[in-house]
Amino acid sequence: GQQWFLRAARRYGLEQLLACVYSPPTWLTRNGHAHADKGLDGCNLKPGAESDFARFLGDVLQHFAAEGLPLAYLSPVNEPAWDWEGGQEGCSYDNADLARLVRALHAELRRRGLKTEIDIPESGDWPALLDDAEFRAWAHPKDPNAGYRGGLNRLGRGKYREYLKDFLGDPELRGVVGNKLSAHSYWTDKNQYQLQDLRTRVRANADRVSPGARLWQSEYCVMEHGRDLGMDTALRVARVIHYDLVAAQVSAWHWWLAISPADYKDGLIYTDYKRTGEQNILPSKTLWVLGQYSRLIRPGFRRVELTPSEDGELLASAYAGPDAKLVVVLTNAGTDARSVRLTVDRRLGALTPYLTSADEDLARQPDVAPGAPVAVPARAVMTLVTQG
């Protein structure tokens with residue numbers, strides 16, 4: 001099933017494919033499982049098995065390359081600071097464990113001549129990327145002894161934090177991972193302190209440790225029970241996307257997951273087949289809000305300055321394409337429509353709006369003349385597209 005979707009994605013024109021691994025294969029784990037046992041101390045990968053794991057991953061990458069499906073990225077671990085006890089697939093790695101693995105994997109990729117880029121650490125949250133002093137300045141400015149206690153850091157065995165410092169601050173490892181780190185936006189989406197202040201600090205920390213560093217947001221959904229196909233969750237997600245792109249300045253943004261049978265806020269499309277046996281397809285407004293970005297801001301675009309980027313309940317960001325196209329995304333979470341006038345420093349053609357609201361799904365609206373006001377409906381996301 002996964003390979004069917006992989007091939008379908010390629011047929012629809014997807015150029016960049018990523019493989020992700022949650023656990024080493026069970027013959028390479030200490031307990032013979034793809035998850036940790038209660039009380040397992042340390043990484044579940046067998047000691048010294050990094051090269052064996054790397055060869056296994058190299059075989060997988062080489063197989064798909066031969067099938068005409070080269071994988072541009074490989075994520076060898078997922079949320080390495082969590083303990084992964086109780087049956088859910090996963091494996092913890094402290095920073096030393098992870099460094100050994102990525103070195104072995106890099107050597108294996110080079111030996112095979114594979115161009116695949118290594119994506120780490122898939123941190124379970126943004127704060128774990130920060131230097132300890134930066135975390136204290138953000139979370140505990142009045143307590144010089146406070147520290148990040150997320151995940152296995154609370155146990156005091158091994159180090160599962162300061163990813164920017166330990167991986168991008170090390171010249172060798174920086175080269176191995178292509179001067180890029182990834183993190184997940186879970187648990188940091190409640191208020192401006194989390195959404196804006198934290199991400200701004202992560203970006204500044206990255207720039208100081210390694211100028212030009214890239215950041216990815218590589219997994220997010222709303223961690224709440226209760227399926228929501230409407231605009232409430234869609235607008236909440238739009239805020240996270242906005243601040244990840246504008247404050248953290250990520251160059252990739254990934255949603256978890258595409259299709260869900262659950263009563264949970266984790267799907268772009270829902271189905272009831274597990275509950276009723278019905279093979280139905282229920283698209284959510286979150287799907288279309290994500291499309292307001294992903295359909296219209298394409299690889300090769302760069303974010304450009306837009307002022308003001310925040311105005312109460314109106315969020316705005318702008319992106320320029322290699323063909324001189326300009327794209328502006330406007331999120332109006334308020335209960336009143338807002339009038340927006342776009343002023344730019346060069347000549348532009350007419351604006352074409354696309355709208356997702358309670359009544360519209362990424363729907364094209366009538367063109368707007370250059371310099372004319374644009375009405376952004378209440379509780380809606382509108383994307384303006386123009387040719388230079």
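A disulfide is taken here as a pair of cysteine sulfur atoms within 2.5 Å. By this criterion, a search of the whole structure, which is a predicted model, finds zero disulfides. Cys91 is in no disulfide, and the nearest cysteine sulfur, that of Cys43, lies 3.8 Å away. Because the cut-off is 2.5 Å, the pair Cys91 and Cys43, at 3.8 Å, does not count as a disulfide. Cys91 is buried, with a relative accessible area of 2%. Cys221 is likewise in no disulfide; for this residue the nearest cysteine sulfur is that of Cys20, 14 Å away. Cys221 also counts as buried, at 3% relative accessibility.

Strand pairing was examined next. An open sheet is formed by three strands in the order β1-β2-β3, with parallel pairing. Its edge strands, each pairing on one side only, are β1 (18–20) and β3 (117–118). Strand β2, residues 73–75, is joined to β3 over two bridges in the parallel sense. Within this pairing, Tyr73 stands opposite Glu117 of β3.

Antiparallel pairing is found around strand β11, which spans residues 314–320. Strand β9 (residues 302–304) is connected to β11 by three bridges, and the two run antiparallel. Val304 is placed opposite Ala318 in β11. Strand β12, residues 326–332, is also antiparallel to β11, and seven bridges join the two. The bridge partner of Ala320 in β12 is Leu326. Five residues lie between the strands in the hairpin of β11 and β12, where Ala324 takes a positive phi near 70°. Strand β11 is mostly covered, with six of its seven residues buried.

In soluble globular proteins, nonpolar side chains tend to be buried together. The largest nonpolar core of the model comprises 88 residues, and those with the most contacts inside it are Tyr93, Trp126 and Trp253. Helix α8, residues 231–246, gives the most to this core, contributing nine residues. When residues up to four places away in sequence are not counted, Trp253 touches Gln217, Tyr220, Val237, Val240, Ile241, Asp244 and Leu290.

How values were computed
Residues are numbered from 1 along each chain as its sequence is written. This is a predicted model: local features need pLDDT of at least 70, side-chain atom pairs count only at pLDDT 80 or more; totals for chains, interfaces and linings use all residues. Side-chain values use heavy atoms; hydrogens and water are left out. Two strands pair if DSSP finds at least two bridges between them. Helices (H or I, at least four residues) and strands (E, at least two) are DSSP runs, numbered from the N terminus. Buried means under 20% relative accessible area, exposed over 50%, partly exposed in between (1.4 Å probe, protein chains only). A nonpolar core is a set of buried Ala, Val, Leu, Ile, Met, Phe, Trp, Tyr and Cys residues joined through side-chain atoms within 4.5 Å. Contact means heavy atoms within 4.5 Å.
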